[in-house]
Amino acid sequence: MLGRLTIEAIPLYSWVAMGGAAVTVGGGIAVFLLITYLRAWKVLWTDWLTSLDHKKIGIMYVVLALVMLVRGFIDALMMRAQQAIALNNEGYLPPEHFEQIFSSHGTIMIFFVAMPFLTGLINIIVPQQIGARDVAFPFLNSVSLFLTAAGAGLVLISLAIGKFSTAGWTGYPPYSGIDYNPGVGVDYWLWALIVSGVGSTASGINFIVTIVKNRCPGMTYMRMPMFTWTTLCISILIAFAFPALTVVAAQLALDRTLGFHFFTNGDGGNMMLFANLLWIWGHPEVYILILPAFGIFSEVVATFSRKRLFGYKSLVYATACIAILSFTVWLHHFFTMGSSANVNAVFGIATMIIAVPTGVKIFDWMFTMYRGRIEFHPSMVFTIGFMVTFVIGGVTGVLLALPPADYLMHNSTFLVAHFHNMLIPGALFGYFAGLNYWFPKAFGFKLDAKWGIRSFWFWIIGFYLAFMPLYVLGFMGMSRRMEHYADPNWQPYLIVAALGAVCVLLGIVCIAIQLYVSAKNWGSARDLTGDPWNGRTLEWATASPAAPYNFAIVPTVRDIDAFHDMKLGGTAYQPAAAYEDIVMPKSSGLGPVLGALSFALGFAMVWYIWWLAALAFVLALVCVGIRACDDESEFIIPAAEVARIEGAHLGQITSADMHDMRDFQPVGPASGAPLPGRA
Amino acid sequence: MHHSAERSLSTYLTGFALAVVLTAIPFALVWGGLLTGPAVYVVIAVAAVIQVVVHLVFFLHMNFKSTPGENLFFLGFAAVLICIMVGGSLWIMMDLHHRMM
Ligand code: HEM
Ligand SMILES: [Cu+2]
């Protein structure tokens with residue numbers, strides 16, 4: 001009846017594991033009680049969970065990412081604490097538990113922090129940047145969100161029921177095969193990946209179609225904001241790379257559950273094919289995480305330098321080059337498999353080449369700042385911190401691209417330092433910049449800048465303290481994923497790294513305080529114009545928060561910096577002569593239902609509860625059928641209502657709130673030479 | 001109107017028939033043991049590639065005359081990426097096989 005699920009699944013075997021389970025379950029109960037206490041269930045369901053509004057879906061994605069960031073970071077702290085003390089002793093974590101922690105940390109950070117964070121920001125902003133009223137497939141968007149949440153749910157519940165994988169976030173066979181890993185851990189990992197991977201693929205397709213089809217008049221490809229460009233590129237990467245992940249995970253699941261032999265030595269299987277397929281997805285994936293952050297940095301750097309983005313075209317071409325090249329380098333993750341010299345040379349050189357377009361971007365951002373009037377807004381500070389730190393990570397990456405050097409460094413803490421050096425500044429800092437930059441667009445008030453700057457300093461100092469020692473430790477020969485060690489020379493460095501992690505913890509606390517303080521004082525930091533930073537791109541033309549339809553009248557664009565151009569030309573903030581009815585998608589409860597069903601499906605497959613798996617699968621098909629037969633999925637916002645909303649918004653704006661554009665007016669030859677570099 | 005609906009029904013049916021045949025061939029070869037060795041792989045791969053073309057032409061109605069250039073561009077792009085992924089994988093795994101012998 002319950003497959004292999006028995007009372008043994010509850011982690012009574014260790015107090016640390018029990019504590020983790022208690023925190024997870026307790027957290028869940030606390031949230032449940034809080035919502036009940038606030039009587040917010042109905043609002044939560046009708047206004048949020050069932051909403052097909054891309055901005056609300058985006059906000060829910062970001063909330064998911066922030067919650068999972070806390071979970072993933074607790075894992076990191078635990079590992080740092082363990083390694084700080086485990087010289088010639090077992091520390092406080094048994095080996096098997098330590099293995100679960102690094103596996104869940106990596107899995108959570110990549111799939112359930114970075115992916116939802118970037119998807120959320122894209123959801124909130126991209127339709128507004130291209131002058132669209134919605135994404136191409138609003139219902140699919142909601143399904144994607146809940147599939148991602150279902151995957152995250154599987155990882156979370158593995159704390160309380162059963163165990164998580166011990167095979168690392170990459171789960172290489174044969175260790176992740178059924179012979180060496182008969183428990184449920186690897187299955188939890190696999191089904192979390194499969195379920196959320198389907199959601200990500202759908203988001204990717206959704207955004208390709210949105211950007212290709214829904215741009216407003218005049219928004220040619222070469223006038224799209226950089227964030228939209230990076231979104232288009234990563235959506236293409238998602239559409240092509242994620243199927244490889246889904247296939248490889250499904251193959252391993254078949255090996256484990258049905259006794260297939262894709263990756264076993266028996267019957268002609270080959271485990272290196274797993275590494276090959278995983279990294280066909282895996283390398284594009286790192287660019288999927290990083291490119292949107294590059295897009296955010298591009299927007300932020302132009303806005304807060306008060307200049308047009310330098311080298312827009314070169315940034316577009318560099319992004320496209322990175323996107324294509326990212327499909328040609330995957331072997332660098334398993335050089336040590338031992339390919340022949342030709343294979344290694346081709347992939348090694350391709351890897352080094354990919355650094356070139358990235359370097360181009362760094363120069364473009366620096367030239368944008370050159371002679372600009374820089375304003376040190378938290379998002380700008382994160383951008384500058386990124387530029388300095390990311391270059392270090394890039395250099396160590398080029399070093400690892402040399403196969404002979406990689407043979408020495410592979411799977412050492414040098415590698416761990418390298419990829420955190422890319423992902424923390426290159427992805428997370430970008431998302432934090434985006435959070436600070438676009439928060440008013442999503443909620444209508446600004447985030448507190450003081451706490452934003454503080455969070456930045458704790459994050460960056462913590463980052464350097466936590467990861468620079470790991471470069472050194474790598475050279476001293478320390479491998480990654482070590483539960484304890486015998487070399488006393490390593491310990492001082494690991495203690496510094498642990499202090500760094502504590503510093504990052506303070507950074508996270510600062511973000512929490514920032515959110516709290518800003519929410520408390522929201523009345524004094526309201527953004528009435530919809531354009532708090534004198535922004536340049538079209539998302540600042542809508543109200544903050546934007547009306548459900550974003551744009552009452554679909555705008556027409558004449559320039560790269562469309563909204564800047566409108567402000568200069570005096571066409572911004574103009575009421576329309578007449579408004580028209582607007583068709584919007586109705587809310588639908590099927591998204592959350594499909595999410596719940598795929599969670600049940602994953603859970604059932606993990607525990608071999610076949611009837612539940614079959615039931616969940618059939619019900620999911622029924623849901624899809626119901627949706628397909630629903631011909632009344634849209635409703636109309638009448639023109640009068642649109643006029644009312646727009647009137648209320650425009651009525652709030654006084655000319656005192658508007659930005660002074662005189663500095664930006666082109667200066668003619670008669671009135672003196674134009675300031676160099678000014679737009 | 002009526003005429004074109006009929007024609008598209010017949011294209012769908014032709015496409016469907018071709019797809020069934022192209023699926024049946026590999027299954028028949030393997031189940032019936034009609035072919036062995038590397039030749040099977042080649043036949044399966046070729047049948048799969050033709051199948052892709054059948055889907056594009058008969059179900060998605062792609063051709064060089066009426067399909068917008070943008071779509072053809074994306075299709076070409078997809079083809080390049082798939083060649084990189086499949087070709088690269090074959091190269092890597094064959095090379096490995098060779099070195100393990
Ligand atoms: C916030 C500060 C962070 C700290 C202190 C931290 C710490 C760690 C530690 C101690 C490990 C294990 C290293 C080892 O194997 O010896 C690790 C692994 C890893 N981290 Fe982080 N991490 C942080 C953030 C992130 C972020 C933001 C990401 C991704 C977006 C990430 C992705 C990973 C991955 C993929 C692994 C490899 C897991 C494995 O070995 O399977 N980490 N991290
Ligand atoms: Cu890579």
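**View 1. Salt-bridge network of A:Arg308, A:Arg536, A:Asp559 and A:Asp561 in the predicted model.** Salt bridges link these four residues in a network. A:Arg308 is partly exposed, at 33% relative accessible area, whereas A:Asp561 is buried, at 7%.

**View 2. Salt bridge between A:Arg4 and A:Asp187.** The closest N and O atoms of the pair are 2.9 Å apart. A:Arg4 belongs to the segment before helix 1 (15–37) of chain A, and A:Asp187 to helix 6 (residues 185–213), 183 residues apart. The relative accessible area of A:Arg4 is 22%, so this residue counts as partly exposed. A:Asp187 is buried, at 2%.

**View 3. Salt bridge between A:Asp75 and A:Arg71 within helix 3.** The N to O distance is 3.3 Å. Both residues lie in helix 3 (residues 54–85) of chain A, four residues apart, or about one turn of the helix. A:Asp75 is buried, at 3% relative accessibility, and A:Arg71 is buried at 13%. Over all chains, the count of salt bridges is 14.

**View 4. Iron site of ligand 1.** NE2 atoms of A:His105 and A:His420 coordinate the iron atom at 1.9 to 2.0 Å. A:His105 is in helix 4 (residues 95–129) and A:His420 in helix 13 (residues 413–443) of chain A, 315 residues apart.

Notes: Residues numbered from 1 in each chain as written. Chains lettered and ligands numbered in written order. Predicted model: local features only at pLDDT ≥ 70, side-chain atom pairs only at ≥ 80, totals over all residues. Heavy atoms only, no water. Donors = N, O, S within 2.8 Å, 3.2 Å for Na, K, Ca; no water. Helix = DSSP H or I, 4+ residues; strand = E, 2+ residues; numbered from the N terminus. Salt bridge = Lys/Arg side-chain N within 4 Å of Asp/Glu carboxyl O. Buried < 20%, exposed > 50% of the residue type's maximum accessible area, 1.4 Å probe, protein only.
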